Amino acid sequence: MRVAVVGATGAVGSTILGVMRERSFAADEIVPFASERSAGRKIDHGDRDLTVAALSEDAVRGFDLALFSAGSAISAEWAPRFAEAGAVVVDNSSQWRMSEDVPLVVAEVNPDALEGHRGIVANPNCTTMQTVMALGPILHEVGIERVVMSTYQAVSGTGQKAVDELHRQAEAVIEAKELPPPVVYPHQIAFNVLPQVESFQDGDDYTTEERKCMRETRKILGRDDVAVSATCVRVPVYTGHSVSANVQTREEISPDRCRELLASAPGVVVIDDPANGLYPTALDVAGRDEVLVGRIRRDPSHDRCLNLWIVGDNLRKGAATNAVQLAELLHVRGLLGAARA
Ligand SMILES: NC(=O)c1ccc[n+]([C@@H]2O[C@H](COP(=O)([O-])OP(=O)(O)OC[C@H]3O[C@@H](n4cnc5c(N)ncnc54)[C@H](OP(=O)(O)O)[C@@H]3O)[C@@H](O)[C@H]2O)c1
């Protein structure tokens, strides 16, 4: 199998390459693509060095699979070209997620949606991904009427430049130096909390990230009747998004049954002994593929509501790991390249 990794030098792309190595992904050849700036750069890939290429009309030919994480504009332009040339694209950007003929898939939640693909498959938004890992089993057991989610999102979710910005600002504060002006975020992120993830567009008072969480959750769960409300917040954490979710179910479910259900859900680990200080944190999940859930408790204001604390590594399960899992499923199910034609 010949695989293209587009955006291979970025935060998600380099994690994709790492996850492929860890899972011994069955690729005969991997070609990393990035911008012209990085062309020619060598990437250490365990037993071999990979050389970064720039995108061009000729370079897109002959791939079975292309894993994209170079932003929406690159996906808009180049994903259809790879697909037309015979590859199946797994795209991490938001460009294709809500297109009707593009499946939006979480490997453990709706893998069968892959069957209907027409060359492009979308990987969900990181915060949505980890939240539906916990919502899926609850939906199947007792149904869900409404979810109110508040997120606490790490800076690596914005990419490498944001990680550098937090680092520089934190260093300046600690050393009592003049702070460099914020470039990536509208305000200082070090030692601060920003109630804005991404941007406000066309007079909307919800951000683009909040709109994604609301729409994508319904699409993945396959339920337009699940009401979702989201507030997305950026916090000075390097890696690991946290979500506080208030879940109103159709039938009542006890916190104990919910714990039992999630403990047996694939890809989910329950850590829930708050009296002994045991609950998941962003630092616990960084570097892990599972989604960690804790603080499962009844909402005292509503019999059919539970509160959950859901933590995931935004670069791994929130992006790279799920993308590689989808690639594996496409391969195993015979949904790549010639098999699709
Ligand atoms: N970070 C997360 O937690 C996360 C989670 C889910 C989804 N995503 C999505 O994944 C995508 C990438 O995010 P990221 O955080 O990895 O960003 P990033 O660290 O800024 O990396 C961007 C990548 O795109 C490449 N690129 C830029 N311009 C290009 C061009 N003209 N042609 C080819 N490649 C180009 C960059 O190459 P150079 O190094 O040469 O500039 C780099 O490899 C975004 O769509 C993002 O929304 C991110």
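**Tour of the ligand shell and the aromatic cluster**

Start by selecting the residues of the shell around the ligand in this predicted model: they divide into ten nonpolar, 15 polar and one charged. In total, 26 residues surround the ligand, and the closest are Thr9, Val12, Ser35, Arg37 and Ser38.

Select threonine 9, where a polar side-chain atom lies 2.5 Å from an oxygen atom of the ligand. Move to glycine 10: here a polar backbone atom is 3.0 Å from a ligand oxygen. Then pick serine 35, which places a polar side-chain atom 2.5 Å from an oxygen atom of the ligand. On its own the ligand has 910 Å² of accessible area, and the protein covers 77% of that. Colour α1 (11-22) and α8 (316-332); these are the elements that give two or more residues to the shell.

Phenylalanine 33 lies in strand β2 and phenylalanine 63 in the loop between β5 (53-54) and β6 (65-68), so the pair ties together parts 30 residues apart in sequence. Both phenylalanine 33 and phenylalanine 63 are buried.

The relative accessible area is 2% for phenylalanine 33 and 0% for phenylalanine 82, so each falls under the 20% limit for buried.

Now include Phe68: Phe33, Phe63, Phe68 and Phe82 form one aromatic cluster. The count of aromatic pairs in the model comes to five.

Two arginines over rings come next. Arginine 2 lies over the face of phenylalanine 63, at 4.1 Å from the ring centre. Arginine 81 lies over the face of tryptophan 78, with a distance of 4.3 Å to the ring centre.

Finish with two backbone stops. Which value of phi does serine 24 have? Its phi is near 45°, a positive value in a residue other than glycine. Serine 24 is found in the loop between α1 and β2 (29-34) and is exposed, with a relative accessible area of 61%. Phenylalanine 191 has a positive phi of about 60° and is not a glycine either. Look for phenylalanine 191 in the loop between α4 (160-174) and α5 (208-221); at 58% relative accessibility, phenylalanine 191 counts as exposed.

How values were computed. Residues are numbered from 1 along each chain as its sequence is written. This is a predicted model: local features need pLDDT of at least 70, side-chain atom pairs count only at pLDDT 80 or more; totals for chains, interfaces and linings use all residues. Side-chain values use heavy atoms; hydrogens and water are left out. A residue is near a molecule or strand if one of its heavy atoms lies within 4 Å of it. A polar contact is a pair of N or O atoms within 3.5 Å; within protein, one must be able to donate a hydrogen and the other to accept it, and residues adjacent in sequence count only if both atoms are side-chain atoms. Accessible areas come from the Shrake-Rupley method with a 1.4 Å probe; for residues, only the protein chains shown count as cover. Helices (H or I, at least four residues) and strands (E, at least two) are DSSP runs, numbered from the N terminus. Ala, Val, Leu, Ile, Met, Phe, Trp, Tyr, Cys and Pro count as nonpolar, Asp, Glu, Lys and Arg as charged, and the others, Gly among them, as polar. Buried means under 20% relative accessible area, exposed over 50%, partly exposed in between (1.4 Å probe, protein chains only). Rings of Phe, Tyr and Trp (its six-membered ring) pair if their centres lie within 6.5 Å; planes under 30 degrees apart count as stacked, over 60 as edge-to-face and the rest as tilted. A charge sits over a ring if NZ of Lys or CZ of Arg is within 6 Å of the ring centre and within 35 degrees of the ring normal.
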